[in-house]
Amino acid sequence: MTATLKRRLALLAVLSLFAAACSSGDDATDNADTDSTEASDDGDSGDSGDDGDSGDSGDSDDSGDTVDLAQGGSVLETVKARGTLNCGVSGAAVAFSFTQADGSVTGIDADYCRAVAAAVLGDANAVNFVALTAAERFTAVAAGDVDLLMRNSTWTQSRDTDVGMDFGPTTYYDGQQLMGRASDGFSGSSAVSEIDGAVVCTNAGTTTETNIAELAGTLGINITLNTFEDFNIVTENFIAGSCDIITTDGSALVGRKAEQQPEGEEWVIFPATPISKEPLGPVYGQNDSIWADVVNWTVYATIIADEYGVGKADVDAALAGDAPEMVRLLGGEGELQTAMGLPADAFYQVISQMGNYSEMFEANLGPVGLVREGSANAGWQDGGLIYAPPAR
Ligand SMILES: N[C@@H](CCC(=O)N[C@@H](CS)C(=O)NCC(=O)O)C(=O)O
């Protein structure tokens with residue numbers, strides 16, 4: 001067995017333990033008196049490799065926690081040879097990746113899968129979507145079951161290190177909030193301390209459950225934290241009245257309220273300032289910088305095109321136009337894309353088939369009421385954080 005294979009197996013063993021830990025809390029009513037908080041299921045506990053046998057301790061060179069995908073060739077070659085991109089999504093995240101009745105997957109995360117397929121294969125439809133729960137997602141990446149994960153995944157230190165993932169540019173700056181019923185006395189200006197005594201529900205294997213448990217501990221309040229396998233079940237339990245509060249990324253609460261708030265009931269999202277930072281974006285296996293470049297520059301291409309106001313309908317004009325950076329990005333000169341193993345027109349395909357960042361945002365997040373203006377998701381020229389390095 002090669003050292004690389006050994007490392008991969010060791011990592012998988014660690015990840016399965018971690019996934020099992022995630023699932024174990026699914027239906028339990030871990031009472032979250034919240035000191036139990038550190039029982040973080042998403043790898044955030046990051047006690048960084050105390051037990052050396054897991055191969056995840058950071059101090060020995062040759063038994064590190066890396067997944068040497070690049071050694072056997074980049075995922076880029078695998079995707080090209082296969083002719084489809086295996087993309088991990090949620091399938092239950094309204095406006096991000098939601099499986100519709102006809103089996104199609106909609107949402108901005110799903111569209112970024114399509115954008116990468118357009119860049120690599122010239123065809124935005126060459127995607128095989130794989131629905132993954134929060135608890136399953138990183139194991140699926142490490143095992144090579146998916147080439148890319150676009151699943152409301154927050155970039156955290158432990159996921160980036162101990163868990164063995166690499167993260168691409170943030171495509172949506174989110175933050176965790178809570179949702180309760182106005183009839184229970186909650187309002188948009190409620191404070192988190194007002195949930196003292198409440199049954200709080202979320203999905204397992206997320207930053208969400210660790211954040212709320214930790215905060216409840218800090219505030220000195222008692223909550224009962226119930227975790228479920230996916231957010232559809234969480235929302236069903238909220239509707240049925242068995243959860244007083246549900247909590248996750250604010251964008252998801254906005255989506256759920258838009259789509260599922262029953263007639264005659266008023267759901268309210270609070271606190272006004274989220275309780276955490278949840279930068280969401282692409283995730284792939286560690287140490288494959290060829291593939292990382294492809295995914296990252298696909299995202300950057302959508303952002304640069306947005307900076308120039310070049311959308312789906314304008315690509316031909318932009319290619320023949322006089323903005324040198326846009327001409328380069330769309331393949332007018334070619335070598336920027338070919339040097340990274342892509343066809344010269346890779347980003348022409350991305351923008352013409354999927355649109356620029358704003359178009360993708362408006363098509364998917366606009367309908368549930370999410371706006372870029374005045375938020376971290378505005379472009380850097382408008383006071384936001386959406387920014388790309390130059391195409392040169
Ligand atoms: N961003 C957080 C939370 C991710 C998460 O699971 N969010 C929920 C709310 S959108 C979700 O994706 N639910 C869909 C599902 O459970 O399948 C994380 O990375 O841990």
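Ser74 lies in the loop between α1 (3-24) and α2 (75-82), where helices (H or I, at least four residues) and strands (E, at least two) are DSSP runs, numbered from the N terminus. The structure is a predicted model, in which local features need pLDDT of at least 70 and side-chain atom pairs count only at pLDDT 80 or more, while totals for chains, interfaces and linings use all residues. Residues are numbered from 1 along each chain as its sequence is written.

Ser74 counts as partly exposed because it has 19 C-beta neighbours inside 10 Å; a residue is called buried if 20 or more other C-beta atoms lie within 10 Å of its own, exposed if 12 or fewer, and partly exposed in between, with C-beta atoms placed from the backbone. Leaving aside neighbours within four places in sequence, Ser74 is in contact with Asp288, Ile290 and Trp291, where contact means that the C-beta atoms of two residues, placed from the backbone, lie within 7 Å. Ser74 and Asn287 are 213 residues apart in sequence, and their C-alpha atoms are 9.4 Å apart in space.

The chain as a whole has 14 helices and 15 strands, and buried residues make up 51% of its 392 residues. Among contacts between residues at least 6 apart in sequence, 75% join residues at least 24 apart.

Five strands form an open sheet of mixed pairing, in the order β11-β10-β12-β9-β13, and two strands are taken to pair if DSSP finds at least two bridges between them. The edge strands, each of which pairs on one side only, are β11 (224-228) and β13 (267-270). From one strand to the next, the twist averages 30°; axes are lines fitted to C-alpha atoms, for helices over the stretch in contact, and angles run from 0 to 180 degrees between N-to-C directions. Strands of a sheet pair through backbone hydrogen bonds, either parallel or antiparallel, and both arrangements can be followed here strand by strand. Strand β10 (residues 199-203) runs parallel to β11 and is joined to it by five bridges, with Val200 standing opposite Leu225 in β11. β10 also runs parallel to β12, to which two bridges join it, and the bridge partner of Cys201 in β12 is Ile246. Strand β9 (residues 176-181), by contrast, runs antiparallel to β12 and is joined to it by four bridges; here the bridge partner of Met179 is again Ile246 in β12. β12 is mostly covered, with five of its five residues buried. Helix α7 (residues 231-240) lies across β10, β11 and β12, and runs at about 155° to β10.

Of the 20 residues around the ligand, Ala92, Thr206, Asp230, Phe231 and Ala252 come nearest, a residue being near a molecule or strand if its C-beta atom, placed from the backbone, lies within 6 Å of it. The elements that give two or more residues to this shell are β2 (92-93), α6 (207-219), β12 (245-249) and β14 (278-280). The shell draws at least three residues from each of domain 1 (70-172 + 280-376) and domain 2 (176-272), with domain bounds that come from an automatic or database domain assignment. By class, the shell has six nonpolar, ten polar and four charged residues; Ala, Val, Leu, Ile, Met, Phe, Trp, Tyr, Cys and Pro count as nonpolar, Asp, Glu, Lys and Arg as charged, and the others, Gly among them, as polar.

Helix α13 (residues 346-354) is largely enclosed by the rest of the structure, because seven of its nine residues are buried. These buried residues are Ala346, Phe347, Tyr348, Gln349, Val350, Ile351 and Met354, and they pack against α3 (108-121), α9, α10 (315-319), α11 (324-329), α12 (335-338) and α14 (357-364). α13 is followed by Gly355, whose phi is positive, near 90°. Within helix α9 (residues 289-307) is Ile304, which counts as buried with 24 C-beta neighbours inside 10 Å. Not counting residues up to four places away in sequence, Ile304 touches Glu325, Leu329, Ala388 and Ala391.

Several loops show backbone features of note. Ala95, in the loop between β2 and β3 (97-99), has a positive phi of about 75° although it is not a glycine, and it counts as buried with 26 C-beta neighbours inside 10 Å. Asn152, found in the loop between β6 (148-149) and α5 (157-160), likewise has a positive phi, near 40°. The peptide bond from Phe270 to Pro271 is cis, with omega near -10°, and Pro271 is found in the loop between β13 and β14.
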